[in-house]
Amino acid sequence: MDEHKYDALKLENQLCFPLYAASKEIVKRYRPYLEPLGLTYTQYLVMMVLWEQRQLNVKELGDRLYLDSGTLTPVLKNLESKGYLARCRSEKDERVLLVSITEDGTALRDRALPVPEKMGSCVRLDSEEALALYTLLHKLLGGFEE
């Protein structure tokens with residue numbers, strides 16, 4: 001029997017596996033830096049977008065983070081309960097839910113400032129390798145857009 005016909009099913013031949021495993025490890029390495037801030041990794045991602053944008057609607061936020069509303073809603077509720085963001089309906093269209101950063105959410109940015117540098121020391125890539133990986137991953141993500 002030709003065992004080579006099953007090569008495509010070997011874990012070592014899957015592009016998705018090292019992406020999955022690396023992602024899981026990166027998130028795990030964030031934990032000790034985010035716990036003192038009271039944030040999960042997903043909450044940290046939301047806050048990074050809000051530190052840049054100040055206000056946007058839930059759909060825009062989900063699009064930026066590749067998250068659906070079912071995943072995003074509990075994250076937003078939790079961050080709102082901590083006082084880092086506020087949610088309200090748009091005056092122009094009440095179907096649109098707006099998310100805005102609060103003063104406390106803005107203040108959290110200063111406490112989060114060391115996180116990227118600390119994480120950079122966890123990843124053993126030089127700047128060229130990191131840029132190449134970043135570029136390839138964004139190219140891959142772009143291929144999924146409809």
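Guide: Arg54 sits in the loop between H2 and S1. H2 is a helix, residues 41-53, and S1 is a strand, residues 55-57. These labels follow DSSP runs, numbered from the N terminus: a helix is H or I over at least four residues, and a strand is E over at least two. This is a predicted model, in which local features need pLDDT of at least 70, side-chain atom pairs count only at pLDDT 80 or more, and totals for chains, interfaces and linings use all residues. Residues are numbered from 1 along each chain as its sequence is written, and side-chain values use heavy atoms, with hydrogens and water left out.

Look at the backbone of Arg54. Its phi is near 70 degrees, a positive value in a residue other than glycine. Arg54 is partly exposed, at 39% relative accessibility. Partly exposed lies between two cut-offs: buried is under 20% relative accessible area and exposed is over 50%, with a 1.4 Å probe and protein chains only. Tyr66 also has a positive phi, about 55 degrees, and is not a glycine. Tyr66 lies in the loop between H3 and H4. Its relative accessible area is 47%, so Tyr66 is partly exposed.

Now go back to the other end of H2. Gly38 is in the loop between helix H1 (16-34) and helix H2 (41-53). Gly38 is partly exposed, with a relative accessible area of 28%. Setting aside residues up to four places away in sequence, Gly38 touches Gln43 and Lys82. Touching here means contact: heavy atoms within 4.5 Å. Gly38 and Lys82 are 44 residues apart along the chain, yet their C-alpha atoms are separated by 8.9 Å.

A nonpolar core is a set of buried Ala, Val, Leu, Ile, Met, Phe, Trp, Tyr and Cys residues joined through side-chain atoms within 4.5 Å. This core has 27 residues, and Leu39, Val46 and Met47 have the most contacts inside it. Other elements giving two or more residues include H1, helix H3 (58-65), helix H4 (69-81) and S3. Follow Val46. Leaving aside neighbours within four places in sequence, Val46 is in contact with Leu61, Leu65, Leu72, Val75, Leu76, Leu79 and Leu85.

S1 pairs with S3 in the antiparallel sense over three bridges. Two strands pair if DSSP finds at least two bridges between them. Asn57 has Leu98 of S3 as its bridge partner. Strand S2 (residues 85-89) also pairs with S3 in the antiparallel sense, over five bridges. There, Leu85 has Ile101 as its bridge partner. S3 covers residues 97-101, and four of its five residues are buried, so the strand is largely enclosed by the rest of the structure.

Charges come next. Side chains of opposite charge can pair when their charged atoms come close. Such a salt bridge is a side-chain nitrogen of Lys or Arg within 4 Å of a carboxyl oxygen of Asp or Glu. The structure holds seven salt bridges. Glu25, Lys28 and Arg29 are linked in a network of them. Glu25 and Lys28 have their closest N and O atoms 3.5 Å apart. Arg29 and Glu25 meet at 3.7 Å, N to O. Glu25 and Lys28 are three residues apart in helix H1, so about one helical turn separates them. Arg29 and Glu25 are four residues apart in H1, again about one helical turn. Elsewhere, Asp93 and Arg95 form a salt bridge at 2.8 Å, N to O. Asp93 is partly exposed at 23%, whereas Arg95 is exposed at 70%.

Finish on the surface. Leu15, Leu19, Ile26, Val123, Leu125, Leu133, Leu137, Leu140 and Phe144 form a nonpolar patch with about 730 Å² of accessible area together. Patches use residues with over 30% relative accessible area and no salt bridge; like charges are joined within 9 Å, and nonpolar side chains (Val, Leu, Ile, Met, Phe, Trp, Tyr) within 5 Å. Accessible areas come from the Shrake-Rupley method with a 1.4 Å probe, and for residues only the protein chains shown count as cover. H1 and helix H7 (127-142) each give two or more residues to the patch. H7 gives the most, with three. Leu133 is in H7, and Leu133 is partly exposed at 41%.
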